[in-house]
Amino acid sequence: MSPIGQCLAAFVFGSVAGLLVQRSRFCNTAALRDAMLFKTYRNTKALLVCMMILTIGFTAFITVGEGHTMHFDVGVNQMLGLFLFGIGMVLAGACTVSTWVKAGEGNVGAIWALLFTFIGMFLFSLIWSYSYWPPAPGSMDHLPHLEALQFGYANAATLQAKTGIPAIFFGLFQFLVLFGIYRAILRKEARMAEANT
Amino acid sequence: MELFKKTLDPVIALSIIALLDIFMFLVVGAWTVGGGETMMTGLIAKFFMGDQLQHIPFWDIVFKPDATYWKIYISLGMLFGSIVGAFLSKEFYWRIPRHLSEWVMITVGGLLMGIGIRLAFVCNVSTFFGLTPEMNLGGYLSISGIIAGAWVGSLIYKKVLGG
């Protein structure tokens, strides 16, 4: 697909996603924060259902060699980075999606959070230019480099290549784990509703 | 139109988004936001700094500013879709945080999100709607990080609200 076609597809997808998120008031931050703080699971259930559909969809296409998987090596930086991100999104009251969506509703706090997300990214670019860690995508070779706290590259496609088992089977296993969590939430909600009556 | 009169069930909304995300996965790549935001940061920095930006290796090696980077348009699309949804449902109005503590939390939160995304190479969207459904090892590392971070953030949030 040409770069213009890619940008157009991305804009159409983003527009529909933004509209649906705005109309449903879905928030990824709330999916985690509300489950932890308030024991409410409205957003958590939506997150889990979405992940279940995506797991089956992605691994089914990976099985037949289709789809554009994310290609970069992973390591401790993913854990540390998302740890900082997790603190940040709860403090800001919005994640990457809801900052854009709330900004579109006229939320000045969300616009401010976006501005400082950009500033945070620029600050990190200065730190990276001094430390050169984590390794740049161009220097990644998909192998583990424990001295750099990097574990290499592994996903459903590499699992299929190494074991000979179709990726969809691993996807079904992950689907069942996610479904188990979803069902546990439904049961918990039923118990809470029973206790309140 | 009914869609703009009452709130949509998030399970239905996210199920539709999941199907569209599978289509995106086939044509260009799964839903992500952090990469586009980084490119926007680079383009804004280039606007202000010009060729001086090339002296910062990150913007030469990792993210060369490029306005045709498709991920930028997911974010711009989300903003557009949200504005349309907010206006048609009459939910658009300016909301301004009232307390200094809110401004401080949003500022610190925004900075941590920006630093965290670049340190991890991924955001929450890539974590939940890209990497993990692809069963990428990075997805599991990211999920463990974001859950721990959200827990710590919730403790801080609770303390600030309680205070």
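Which backbone oxygen does the side chain of W133(A) reach, and at what distance?

**Entry 1, conventions.** I am working on a predicted model, where local features need pLDDT of at least 70, side-chain atom pairs count only at pLDDT 80 or more, and totals for chains, interfaces and linings use all residues. Residues are numbered from 1 along each chain as its sequence is written, chains are lettered from A and ligands numbered from 1 in the order in which they are written, and side-chain values use heavy atoms, with hydrogens and water left out.

I looked up the opening question: the side chain of W133(A) reaches the backbone oxygen of A148(A) at 2.8 Å. A polar contact here is a pair of N or O atoms within 3.5 Å; within protein, one must be able to donate a hydrogen and the other to accept it, and residues adjacent in sequence count only if both atoms are side-chain atoms. I placed W133(A) in the loop between α6 and β2 (150-152) of chain A. Helices (H or I, at least four residues) and strands (E, at least two) are DSSP runs, numbered from the N terminus. I then listed the contacts of W133(A) (heavy atoms within 4.5 Å). Leaving aside neighbours within four places in sequence, W133(A) touches N77(A), F124(A), W128(A), A148(A), L149(A) and Q150(A), and also L119(B) from the other chain. I noted a C-alpha separation of 24 Å between W133(A) and L115(A), which are 18 residues apart along the chain.

Why does W133(A) count as partly exposed? Its relative accessible area is 24%, and buried means under 20%, exposed over 50%, partly exposed in between (1.4 Å probe, protein chains only).

I found eight helices and two strands in chain A, in the order α-α-α-β-α-α-α-β-α-α. The C-alpha trace spans about 60 × 45 × 40 Å along its principal axes. Of the 197 residues of chain A, 52% count as buried. Among contacts between residues at least 6 apart in sequence, 61% join residues at least 24 apart.

I looked up the interface: 111 residues of chain A are in contact with 121 residues of chain B. The buried area is about 10,500 Å², with 79% from carbon and sulfur atoms. That area is the accessible area (1.4 Å probe) that two parts lose on being put together, summed over both. In chain A, F13(A), R23(A) and W100(A) lose the most area to chain B, together 8% of what that side buries.

The rule finds two salt bridges across the interface, each a side-chain nitrogen of Lys or Arg within 4 Å of a carboxyl oxygen of Asp or Glu. R25(A) and E91(B) meet in a salt bridge (3.0 Å, N to O).

The domain assignment, automatic or from a database, gives domain 1 (1-93) and domain 2 (96-163) in chain B. I found 13 residues of domain 1 in contact with nine residues of domain 2. The area buried between these domains is about 760 Å², and carbon and sulfur atoms give 68% of it.
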